[in-house]
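Keep the structure open while reading.

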Amino acid sequence: MKEHVYFFSENESIAKEEVLQKIGIRGRGAMELAALGLPILPGFVIDSDITSDLSQWELEPQLRGFFKKLENVTDKRFGDPDNPLLVKIVLSPSLVITTYPTLHNYGLTDGTLPGFIKFVGENFARHEQQFLCRGSLEIEARIAELEKKDKDLARIKAAIIILDKDLAGSGGPKERAKSVADLLPLLPKGFASGSAYQQLELALKRISRLLALDEMNNQDTSLIIQPMVYGNYGKDSASGNFFTRNIVTGERRLQGDVYQEAFDSIGASGQDINSIAPAYLSRLEKISRTVEDHFREIRSIRFTIENKKLWLIDQRAVMSKSTQSEIRTLLDLHSRKVVDDKHVVAAIKPQQLNEILHPIINPASATKLKALPGGIAGAPGAAIGRVFFSTEGLLNAFKEAQQKGEDTRLVLCLAASFAEDVKAIEVATGVLSCEGGYSAHASVVARQYGKVSLVKTDMRIRGNKATIGSTVISEGEYITLNVPYYGKPVVYIGKAELIEPNPEESGMLDFIKLVMRHVGSFHVRTNADTPRDAALARSFGAAGIGLCRTEHMFFDEKRINVFREMILSDTREERKKALAKLLPIQKTDFYKLLKIMSPHEVTIRLLDAPLHEFLPHNDDEMKKFVAYLAARDKAEALSEKEVRIRCDGLAEFNPMLGHRGCRIAVSFPEIYEMQVRAIFEAVYTLQKEGVEVHPEIMIPIIMNENELKLLVYGKRIEGAAIRGLVDVEEEIRQAMKARPIKYRVGTMIELPVAALRAGEIARYAQFFSFGTNDLTQTTLGLSRDDFNSFMPDYTQFDVLDGNPFQMLDQGVKELVELATRRGRITRPDLMVGLCGEHGAIPENIRFCMEAGLNYVSCSPYSVPIANLTIAQMNLERGVVA
């Protein structure tokens, strides 16, 4: 038998593979720690070759030599009446399939109980005796069940129920002693009255019987025997547990508690682990480093100090660690060359970065708040603020709070948002809406600005109140939005506490630098139309701007009425006057973006939104616009009634497919001419400053090559003419006496017909950018704002494979591949990208790389996620960046 038993300690371990295969998962774990030289509890393993048939041996002679080793290390003797060594038995299957009971305190007999009481007190000793019986009864119950001895099984189960109540109760030594006496008839004869070795032999042979009967065992379960140690074994004893570093911040400092003269934390008062005696702290820190370096992650460690001897009880992975702590740990390991780039990049799931890019809730602060779970996550993170039900109301509240030095945290609550609500979303901490979903306007804009967005389809808004179930939320009331990437969103009524992200302290920026080494030619751009977003995205690793939505620039309160004035103008000359006011503003916008992103490409999409979206949508906005017109031209100002009539005249039944994008430019070419003029005035100003820039001009919603040719090269017919943007560029270059600069003109492919005619369109386009939000809508005939009302029905019956506004639909993918292929037949050097939040989803990025695209473009806060996905794919494929 001895050749099947293997000893381990901090000085002795087994590394032979044939042995490791026979000692189970826990046995292998013990050997692994022993090989590190850690002060683990010594022990020995009986391998799986013989554990199902121990009845053939008298065990005491076979095991005495191994016990001698245990006794020498622990300074205790097995069966000693004065200072007894007690042991635990651990069942170690090869796979974690079957769970076995906890088997502690073997060797605690009638003869050794008095000696044990001297060290731990009678009540604790009797409690441990009960616990010994509890584990053994569990073994007997399983044997009775497998042997189909129903009466015995019923008696044992009834006894276990009573025992569990006794263990949880506050009974004294006498009650516990009686409890044990009542249980002994259900255990093997001589279990308590015999010697320590006899008790152990009885237990091992009953366990062996169980393993022989258990079909789940598969003859692959070993048995581990280790000493028991106690943190309440005198004044120089303690127990504790800690993490190898702070699991929230990642600070390299032990985090946990120590319990002086206590067996465990139950009923004990803990102290910070770092307050333990310096000699112990030094050893624990060394153990911590060794364990963390070996497993290459934060670990949880449990230890016991018994009579001044420190023992490592167990260690395990930490499921509750934050992404920040994980990243800082990886960077620390990397700096010390414990891990390489590939390990660091592969260790973090891309979507985990959402946690470190956005605020998160401190869970303890929300326990007493009313929770309203559920909803559709539009943009992840956590936000606190007072609720306001209109853009006007929120902006006014924000200004007032600023002036008074009060809390400026506000949450915008609307049924759905529109273009004019962008300015409120930018100011708010979060958006709560009840229409749409992940791809709704509120969600898309919130992701762009790094704000939180939650869609609660069961919410109803009436005036300045919202109702969710039976809960009423009034304007000005505080709420907390918690929208995790994984897990259910929750609205809390009241203020929780937030843990704010800090890219520098969190290790995010250093992590991004490491990731960027492996990104390569396929790259990530950002969707940005403000200097703040552009700079943020650049710090997150964006290699340019893939989509600048110029329509967002006009919603600034200093610009919107000028733009509305232009829209309602009667003549081209009047429109040009209004546009002339906007020209220097647009030039400044583009100048800043181009300079921030130098030397990368900046793709500027000319006006795309339907004109009616810019017009007043409520009475407050209408009054302000009418007042602006009156101040501008007191003699001939339009009345409110006339303005409303003109606004109504611009309304469309289906604006998404109506007068928008390039179609506006055909009707009103002066709009695009102003924007192109602003772009190149900025470009050539920067050229004179020595700044390298690469502008790309995107013309949206193109359906055929004739549209693009007309706007790029212009056309003159009898009585009318459209200037091409190349003519505008040339005029500005000559006027500014500048050198020619390389720039690209291209289009957004967002209509199926444009994808099908990509070969023809590529004659005039130097780049394609797939606008997959609209391409999905026009391909599937689904509205991204209304789809969520019936999406659950489609999901239930597997009509669609997931949400097509998150995961690219197969039909959309085919159009992307076809358009890319046809476009490059015409123009082999065609630059091709995908913009929109589809570009931040790892599965979509994989498709884009395989389809031959050059880049994806997404919101600033999604840039690190996309870059990490690309780096992981490159390392997975062995691609050298």
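In the protein, 71% of the contacts with a separation of 6 or more are between residues 24 or more positions apart. The model is predicted. Its secondary structure comes to 33 helices and 35 strands. The C-alpha atoms fill a box of roughly 115 × 55 × 55 Å along the principal axes. Of the 881 residues, 57% count as buried. The accessible surface comes to about 37,800 Å². Carbon and sulfur atoms hold 51% of that surface.

Rolling a probe the size of a water molecule over the atoms shows where empty space is left. The structure holds seven cavities of 30 Å³ or more. The table covers two of them.

| Cavity | Volume | Lining by class |
|---|---|---|
| Largest | about 140 Å³ | nine nonpolar, six polar, three charged residues |

Which residues lie nearest the centre of the largest cavity? They are Asn 354, Pro 380, Tyr 438, Arg 447 and Ser 862, out of 18 lining residues.

The second largest cavity has Leu 606, Pro 669, Tyr 672, Glu 673, Val 676 and Ile 699 among its lining residues. Leu 711, Ile 722, Arg 723, Gly 724, Leu 725 and Val 728 also line the second largest cavity. The largest share, four residues, comes from α24.

Terms used:
Residues are numbered from 1 along each chain as its sequence is written. This is a predicted model: local features need pLDDT of at least 70, side-chain atom pairs count only at pLDDT 80 or more; totals for chains, interfaces and linings use all residues. Side-chain values use heavy atoms; hydrogens and water are left out. On a 1 Å grid over the protein atoms alone, a cavity is a set of points where a 1.4 Å probe fits but cannot get out, and a pocket is an open set with protein on both sides within 12 Å along at least five of seven lines; lining residues have an atom within 4 Å of a point. Grid points are joined across faces, edges and corners, and a volume is the space filled by probe spheres set on the points. Ala, Val, Leu, Ile, Met, Phe, Trp, Tyr, Cys and Pro count as nonpolar, Asp, Glu, Lys and Arg as charged, and the others, Gly among them, as polar. Helices (H or I, at least four residues) and strands (E, at least two) are DSSP runs, numbered from the N terminus. Buried means under 20% relative accessible area, exposed over 50%, partly exposed in between (1.4 Å probe, protein chains only). Contact means heavy atoms within 4.5 Å. Accessible areas come from the Shrake-Rupley method with a 1.4 Å probe; for residues, only the protein chains shown count as cover.
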